[in-house]
Number of protein chains: 2
Amino acid sequence: MLRRLLLHHARRRRRWHSSSSTSSAAAASAAVPLSSPTFAVFGANTGVGKTLVSAGLVASLLASPSSPSTVSYLKPLQTGFPADSDARFVFDRALALLRDFPRAGATRLVASNHTLYPSPAVEPLPERQDTVVTYGGEGDGHRAVEKVLVCRTMYAWREAVSPHLAAEREGMPVEDEEVRWLVDRWLAEGAEDGDGEVWKVLETAGGVASPGPSGALQCDIYRSSRLPVLLVGDGRLGGISSTLSAYESLLLRGYDVSSVILEDHGLSNDKFLHSYLRKRVPVHVLPPIPADPKDDLSDWFSESSSVFCLLKDTLESFHSRRIQRLNSMQRKSKDLLWWPFTQHNLVPVDSVTVIDSRFGENFATYKVKDKKIVPQFDACASWWTQGPDSNLQIELARDVGYAAARYGHVMFPENVHEPALRCAELLLGGVGKDWASRVYYSDNGSTAIEIALKMAFRKYACDHGILVDNVKDITSKKSICFKVLALNGSYHGDTLGAMEAQAPSAYTSFLQQPWYSGRGLFLDPPTVYIRNKTWQLSLPSSICHDQLSSCDTCYSSLTEVFCKTRDTSSVVNLYASYISQQLSQYALSNNSEHIAALIIEPVIQGAGGMHMIDPLFQRVLVKECKIRKIPVIYDEVFTGFWRLGVESASELLGCLPDISCYAKLMTGGIVPLAATLATEAVFEAFKSDSKLTALLHGHSYTAHAMGCTAAVKAIQWYKDPSTNLNIDLDHMRLKELWDGTLVNHLSSLPTVKRVVSLGTLCAIELKAEGSDAGYASLYASSLLRQLREEDGIYARPLGNVIYLMCGPCTTRESCTLQLSKVQRRLEMLT
Amino acid sequence: MLRRLLLHHARRRRRWHSSSSTSSAAAASAAVPLSSPTFAVFGANTGVGKTLVSAGLVASLLASPSSPSTVSYLKPLQTGFPADSDARFVFDRALALLRDFPRAGATRLVASNHTLYPSPAVEPLPERQDTVVTYGGEGDGHRAVEKVLVCRTMYAWREAVSPHLAAEREGMPVEDEEVRWLVDRWLAEGAEDGDGEVWKVLETAGGVASPGPSGALQCDIYRSSRLPVLLVGDGRLGGISSTLSAYESLLLRGYDVSSVILEDHGLSNDKFLHSYLRKRVPVHVLPPIPADPKDDLSDWFSESSSVFCLLKDTLESFHSRRIQRLNSMQRKSKDLLWWPFTQHNLVPVDSVTVIDSRFGENFATYKVKDKKIVPQFDACASWWTQGPDSNLQIELARDVGYAAARYGHVMFPENVHEPALRCAELLLGGVGKDWASRVYYSDNGSTAIEIALKMAFRKYACDHGILVDNVKDITSKKSICFKVLALNGSYHGDTLGAMEAQAPSAYTSFLQQPWYSGRGLFLDPPTVYIRNKTWQLSLPSSICHDQLSSCDTCYSSLTEVFCKTRDTSSVVNLYASYISQQLSQYALSNNSEHIAALIIEPVIQGAGGMHMIDPLFQRVLVKECKIRKIPVIYDEVFTGFWRLGVESASELLGCLPDISCYAKLMTGGIVPLAATLATEAVFEAFKSDSKLTALLHGHSYTAHAMGCTAAVKAIQWYKDPSTNLNIDLDHMRLKELWDGTLVNHLSSLPTVKRVVSLGTLCAIELKAEGSDAGYASLYASSLLRQLREEDGIYARPLGNVIYLMCGPCTTRESCTLQLSKVQRRLEMLT
């Protein structure tokens, strides 16, 4: 039953310790059962009658002959206590009101009200109230209907001020996580009891944006469970404004407002709101509340009972439509959608993940069987884009809303607007610092790469005298052929131009893209990884390495791998001669072909399987290209913006490109936008007096205001130590997020082939042979199913590579928690 | 001087007539001079002291020895009049306060207060107040500083209720456009006088979202001029919430809040707000206001004078930073940005358009020379994407803010979320109705096309037995070569795959894309256009047409051009035999090549020069392909979603594709998102038990929640007659937007070669010979400069084609207004 938990208030409450437990709790935040219709009552302002509405709703629920059998009311934060106690008011009023509600037959009500944590200043400590009452004649032969009412206050302070002030003054601070933890427990109560339907009502404190004890706003504190909202509007003069603004603040937190209800003050605010909110939210109006404080409101409540019944019906229908829709989504998605990279035959309908929302690093997924919203850590960082913690998510929402309202979209060529300019300034002062001078916007990684290639080819043509003065002449030079220099295992996107720059793979087969030919010289890169607790270098067979000692191929730490002192090691010559030899050989056998660009993913090849390329090899490669005046492109779509622990992976490589590409994390992982950065020398190659030599590539939404605005916020947020606690200011990089000891341990498990842990990425390749290896592998799938269904981790494999990826702001504690779960599963696999 | 205009109030005011003049006024809304610092005072609620703040600010401005010389205060909407008159209060208080403000030397103040339009119920009619006062000793040898104060009320109603009620009850309705028109006049006043600096303060009514007389919210009524906001916060209990929510409502309209100021009620609301708004908005706090209604507030104002001085400084610095930034943007954009399709050498720094914001169809552009924000009709519909009128823009802002807060971004494969599903339902029930059954999301038109080609090729391979059971076998079938069938002049995007499907052009030269080869058989299409008031058919030389009579090549109307009865005309055979002959000839000379897809832009080729292809030709083409089992792709990126007056251009063609592509207008022109729709038969071609046969193409932000949410709103908005007044419900198409007579007139001008007017597009090709013709043409540039600088129309040519493009909701009146301006310029050109 509902009353099992947390029954007694206590001066000393379970203390909430240290940021570590807080964050773990956040990551492990509880499921929200949808079997109980549950609503959060928010107010357009303080004093608009939230408690009256709660009481009326609770009473009409209890009076209903059918369902529910239990009503649970929660006031998480109460000030002015015990003089004011909304829970007590609801308790008292519900008991009294039940008398007046029309009903068929008798009702037996078991009711209680209690307070968990009063502040030390609260005197006298209120007693727990318990009662059993029977309403209606019992002599009519029917058994009385059984109903239960549980009213509860979580935290109570004496002073009738905002909780953030009361908490400070009375020495009872409460962290948001603590509130959420208790609310989650409350939400979980009774879900599996099967004692009949339970309804729950949570009443917030003050207005929608009133601060809680920590200073976080009401609408932010409760966001994690995203309960549907019953908004109590304001019927007074000015009340239209405060109601609509409150409504908008709720929308800007991603809440669904199920209904608005407000008191009639003779100003017809309800009529206006009804018309304004038409199609979106139903509006209910309550009769004027008697001003006389001595009025016990009996008449008012009885006059209002029909409104409350209607409200109950509205909420009920909202709830059942929501469930119905959620239940239908798997089937509909199977019928209508066409997912990328997905063989639909291999996706059973009940394996489709229904995502109801996200909050920081977690998805809120709906489980059809359990009728529950379950949080899952998004270990794919939503396809490698995700930057925001839950705070940044809300800030970004506000900022993109503003940008949409201010700009909508405005076309870009020959124009300038603030977000595009500001974003360019931040890019050139950040990832482009010390080398780039121009920003070319586009929509995604693929387009950024296609643009980069066009830039590089033009630059090459200029530098090598292939473009002569007469522009028209060159347009017919069909005999000249440009190729790229790239690495096997690379990936640069799915449009044809980007694909042509990568080596053949399952993605590029005739079956997938009949136009693919692979226009490159593709080298075999040496890789590094952790195995048996040691960083090791692995050379491909094409690089001859008889003369290397183990001191050249084993490293005590990642720092050593990146260390510039390796530039004098014997590996350098090996690399340089391999590269030179490949280039000369290619030149000999391909007469009219030019290697006109180098394109690499610096340090980590993402889609190719999370391989870490020896940074020394890439450094040598860049150097060899610069010697030959071959323009260098860094594809930082994956690696950019702190993915690898630094803002740009070029900081790790220790050498700079001529052109680089950014997308994904750039907008905080919220909306598509890409940028190709270039040096002034590259830009100059397009200048002339003819439009025909300009770079004629563009997309309609180039530099769209919302994307640029999000990028401006995100780029600053990541690197500001006041918003990103992971920033190590001394070295301008992220602190270590994946516990080194744990990572080393994983690397020595018998099932594990290699581990790469760097920045926000921890990738683990499982040992697999023959048909288990490679892209089509389903080897890791049982492991991942367990993570998803039992551990609350949503991961997606790359063949037999599983990985955890977080955002630049994710706490180390959360990372450790997830990684421990993976460790447990891997050990079970053994 | 300021007092020139609108000096006398009147029972009968200039009436606002008919929707036509309203809309014209909207389109021609006035410039906002930035030479006068101007702020709008909004309230977090009613009764928070907006007028006290206005009075204090006005007084401290007048007391300042340096600037400004003139302060103009405006109360556009006043209720409770004349008992309440905020303008009179400001007038009286400013006069009184000036006595107490510390100053060096004497000040001579010329002050006035008057009311323009009291409602018929207002009694007694207030007199105009005028006075001249000198403050401070005049005997000190210095001349007195001259200052002017103008206080003004625009509309006044007797009852102290919300203006929307007062307007109705007192029989004085006022349209928003009327309010805006007067505000614009007020903003323009004194801008060119050079009498010294002018400051302006506009005080709104009630809270930020309180209704005006028409029912539009305060924050919406004044959005067109987007004045910087001074937000008067709420210091009472609950005031943190109402202040923050009001702030967010302002952001969701695209306002910049320069400062928050609020009364101290002993609750430290200001401290909380200061900390919450840190880095964004400065917060000022005023001493508690005496509760005694008899208190004349002299002491309070004198106590507050330092706060008001500080406020004045804050606003001053906000204003000058804004101007400084705006002035720097042209230079910075030239230094940092790299515009698409732009030869930077041809863009002088002072020709860069600085876009401060957009409102509906208009850009608000900043003119550096004039220090003015000038509205310009966006005749490019922001690169062909634009859907929203000003209402939809705000709705979209709210919706994308909600989507960002609810979802951020969530990855898509094997997942489903509400916006992606709902959008798919709307697409399949709209543009995909009766044929499509699957939606594949991507980011932009180019990627949608690349995906469509991959779909078509696979389908073709299946249908023609090219894919045999053994998947691995086909990956090595290098000898087979797929090509597309397409039309000369077509354009499908700038990524390589999309480019390969189009005929050679300036965009595809070796100079631009060395990898382009043009993988298609490109046919010459017949076109239709208006010339000399008649729709005419123009056949390319490759189509033999000796036997055609003029009844086959001239049409009385556009309806006739589209009419299905033409299917029996003699042109059909001409077309069919041309197509068959081209296909057979190609097959003969290209042995291993397959024409594996048809790709066309239905009806209009956009980027190719706004050419209307004979719909009959495209119909025959589709038929011939279907006979040969060649999959048909419609590139509706440009034509989709009412661009041509119908939701899908396939309605105009009268035949359906196998695959079609959408982007641009789909999201309401606010954020990138694309969709490729396909039949179930196409989808089936990818199904098997192997992941390798799935469509392996995707982008990180596939089906991103914000884009899908915007699309859901926009798709519904366009076709709902209650939101889009252009919808002709009987025919489910847009009413004619471009005046037929005017269009015909244009088509007969000597400088005009042809006109195409259809749906939201009106394109005019100018006559040009030799080097003037073609893409590089600068022929139209002087015309466009005049439109931009003198007519307030922002247009961008396609070679010697100039066009006007509007959104699906733009009024016919606005279209006519713009088109008349173009007509005038064209006639001058003659």
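**B:Thr508 and the two chains of the model**

B:Thr508 lies in the loop of chain B that runs between helix H15 (496-500) and strand E17 (520-523), where helices (H or I, at least four residues) and strands (E, at least two) are DSSP runs numbered from the N terminus. The model is predicted, so that local features need pLDDT of at least 70 and side-chain atom pairs count only at pLDDT 80 or more, while totals for chains, interfaces and linings use all residues. Residues are numbered from 1 along each chain as its sequence is written, and chains are lettered from A and ligands numbered from 1 in the order in which they are written.

B:Thr508 counts as buried because it has 22 C-beta neighbours inside 10 Å; a residue is buried if 20 or more other C-beta atoms lie within 10 Å of its own, exposed if 12 or fewer, and partly exposed in between, with C-beta atoms placed from the backbone. Neighbours within four places in sequence aside, B:Thr508 is in contact (C-beta atoms, placed from the backbone, within 7 Å) with B:Met499, B:Gln502, B:Gln513, B:Tyr516 and B:Gly518.

Between the chains, 141 residues of chain B are in contact with 141 residues of chain A, and on the side of chain B that touches chain A helix H11 (residues 390-407) gives the most, with 12 residues. Strand E14 (residues 415-416) of chain A pairs in the parallel sense with strand E11 (residues 353-359) of chain B over two bridges, pairing being assigned if DSSP finds at least two bridges between two strands. Within this pairing, B:Val354 in E11(B) is the bridge partner of A:Val416.

Notes. Contact = placed C-beta atoms within 7 Å.
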